[in-house]
Amino acid sequence: MLPFPSTAAALPRLRLPPLPIPLRHYPFPLPLLLLRGASSSTHHHPRLLPQAASLPPPPPDALLPSQATGLVAASQANFMRVIVDAVPPGHDLERHRGSDLLCVVRALLKKIRRRVLVGDRVLVGAVDWADRRGMIEDVFERRTEVADPPVANVDRLVVLFSLDQPKPEPAMLTRFLVEAESTGIPFVLVFNKVELVDEQTIAYWRDRLKSWGYDPLFLSVDQQSGFSALEEMLKGQTTVVVGPSGVGKSSLINALRCYQDISEEDPIHKLVEQNSKWFGEQRVGTVSKKSGKGKHTTRHVSLLPIAGGGFLADTPGFNQPSLMKVTKKSLAETFPEIRKMLKENEPSKCLFNDCVHLGEHGCVVKGDWERYPYYLQMLDEIKIREEIQLRTFGTKREGDVRYKTGVMGVKQAEPRLELKKHRRVSRKKINQSILDEIDDDLDDLDDDYLFDVKQRSRKR
Ligand code: GDP
Ligand code: ZN
């Protein structure tokens with residue numbers, strides 16, 4: 001029998017494939033032995049489970065000849081395309097850096113619900129360098145996570161609106177801005193279709209957004225004008241474009257991705273480009289099936305190389321901001337106007353610590369600003385949602401961002417790192433819905449499997 005003294009008793013005595021019952025059905029924390037036992041047949045990097053998720057990728061000399069680290073650039077069903085960024089030195093493998101590996105995800109990672117997202121840095125094992133295949137054995141530290149589309153380690157969001165067709169709508173604009181702020185990822189607001197309006201309209205929106213605390217960029221995808229500032233900003237970063245429908249998100253993504261002129265120095269981009277057909281084509285098929293929407297479209301996101309280095313998700317994000325990450329308390333922090341008022345009043349503060357700034361006595365936030373009505377509306381909406389959550393789950397989510405001054409002097413949210421432990425717990429709950437969709441398929445699989453296992457054990 002396998003060497004798991006502590007868990008053997010808990011396991012039904014089965015000699016089925018390893019891990020007969022999905023690991024998450026066990027009480028956590030999992031005994032390390034069980035994890036090691038499950039992977040006993042191959043050599044693994046010592047940083048393996050369960051710590052890797054909070055560690056950066058290891059140095060190349062810690063890798064075995066059959067291992068590499070890389071970036072997940074695309075996913076399609078159970079396959080992931082990984083761009084190799086490090087190989088172990090001294091095995092004549094250097095030439096593989098920047099090349100693609102077609103990978104499957106190790107079953108154990110699924111069992112312990114360690115999701116692999118496009119954008120993740122991963123450890124690939126059992127690499128067949130000739131066939132360019134491998135198995136994703138672990139996922140390293142994830143800095144950020146966007147739910148829609150599901151992409152890890154996003155550095156920047158582009159919040160795209162158009163000046164006409166459709167015209168910007170302040171309530172909608174505010175909703176997107178709040179949603180973007182709540183991700184904790186730096187973002188830039190961009191207005192498209194400038195050629196449809198006159199100079200005055202542009203100036204009007206520039207001033208209006210300035211009073212809200214933002215400094216937008218203006219461009220026209222059709223006329224290919226006004227791109228340089230944006231391209232400069234996105235260099236070397238991983239970006240996701242978000243915004244309402246019809247503003248030109250897909251057009252912008254197509255305009256920004258680089259088809260030619262892939263820089264010679266960076267073989268990664270060349271290879272991604274050469275292999276961009278690996279997954280791209282199937283996506284079309286899956287889109288049309290379910291009325292162009294639904295889980296199958298969001299799942300197969302790919303990272304496209306952009307000029308100057310960096311990546312752009314091929315799928316635009318949050319068509320309809322859910323505000324799920326915003327709490328009654330954190331909502332105020334997603335409004336630059338309120339942040340400014342609070343700052344200007346320092347060191348005096350609102351009388352009550354948990355003030356939600358309804359302008360009562362002792363509140364330093366005044367109501368004489370344009371977006372105050374939107375703030376109040378959204379506050380109501382969030383209050384209702386929180387009450388429902390409280391009744392349903394008996395718990396409230398914590399606001400999990402703090403604010404720093406970011407690009408262009410605009411205050412930006414960032415993850416509250418010092419609350420990491422706590423955050424992971426609450427985040428797990430928050431993001432449950434996010435990844436549940438992805439989980440569904442796996443759950444079905446697991447449940448069938450579990451059912452099968454139960455059936456078999458009953459027969460004994
Ligand atoms: P999405 O729904 O945000 O992805 O928007 P699309 O990229 O599908 O574009 C919606 C429509 O806007 C299409 O008909 C585009 O041709 C058009 N469009 C995109 N960019 C511009 C632009 O700069 N000017 C004008 N006039 N139309 C544009
Ligand atoms: Zn207040």
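Analyst: **Around the ligands**

Let's start at ligand 1: one of its oxygen atoms lies 3.0 Å from a backbone N or O atom of Val221. Val247 also uses a backbone N or O atom, 3.3 Å from an oxygen atom of ligand 1. Ser251 takes part through its side chain, where an N or O atom is 2.6 Å from an oxygen atom of the ligand. The protein buries 70% of the 580 Å² that ligand 1 exposes when taken alone. (A polar contact is a pair of N or O atoms within 3.5 Å; within protein, one atom must be able to donate a hydrogen and the other to accept it, and residues adjacent in sequence count only if both atoms are side-chain atoms. Accessible areas come from the Shrake-Rupley method with a 1.4 Å probe, and for residues only the protein chains shown count as cover.)

Please keep in mind that this is a predicted model, in which local features need pLDDT of at least 70 and side-chain atom pairs pLDDT 80 or more, while totals for chains, interfaces and linings use all residues. Residues are numbered from 1 along each chain, chains are lettered from A and ligands numbered from 1 in written order, and side-chain values use heavy atoms, without hydrogens and water.

Now step back to the whole shell. Ligand 1 has 15 residues around it, and those that come nearest are Glu195, Gly246, Lys249, Ser250 and Ser251. (Near means that a heavy atom of the residue lies within 4 Å.) Helix α7, residues 249-256, gives the most to this shell, with three residues. (Helices are DSSP runs of H or I with at least four residues, strands are E runs of at least two, and both are numbered from the N terminus.) By class, the shell holds four nonpolar, seven polar and four charged residues. Here Gly counts as polar, and Asp, Glu, Lys and Arg as charged.

Cys350 and Cys363 both lie in the loop between α11 (336-344) and α12 (372-393), so the pair ties together parts 13 residues apart in sequence. Both Cys350 and Cys363 are buried. (Buried means under 20% relative accessible area, exposed over 50%, and partly exposed in between, with a 1.4 Å probe and protein chains only.)
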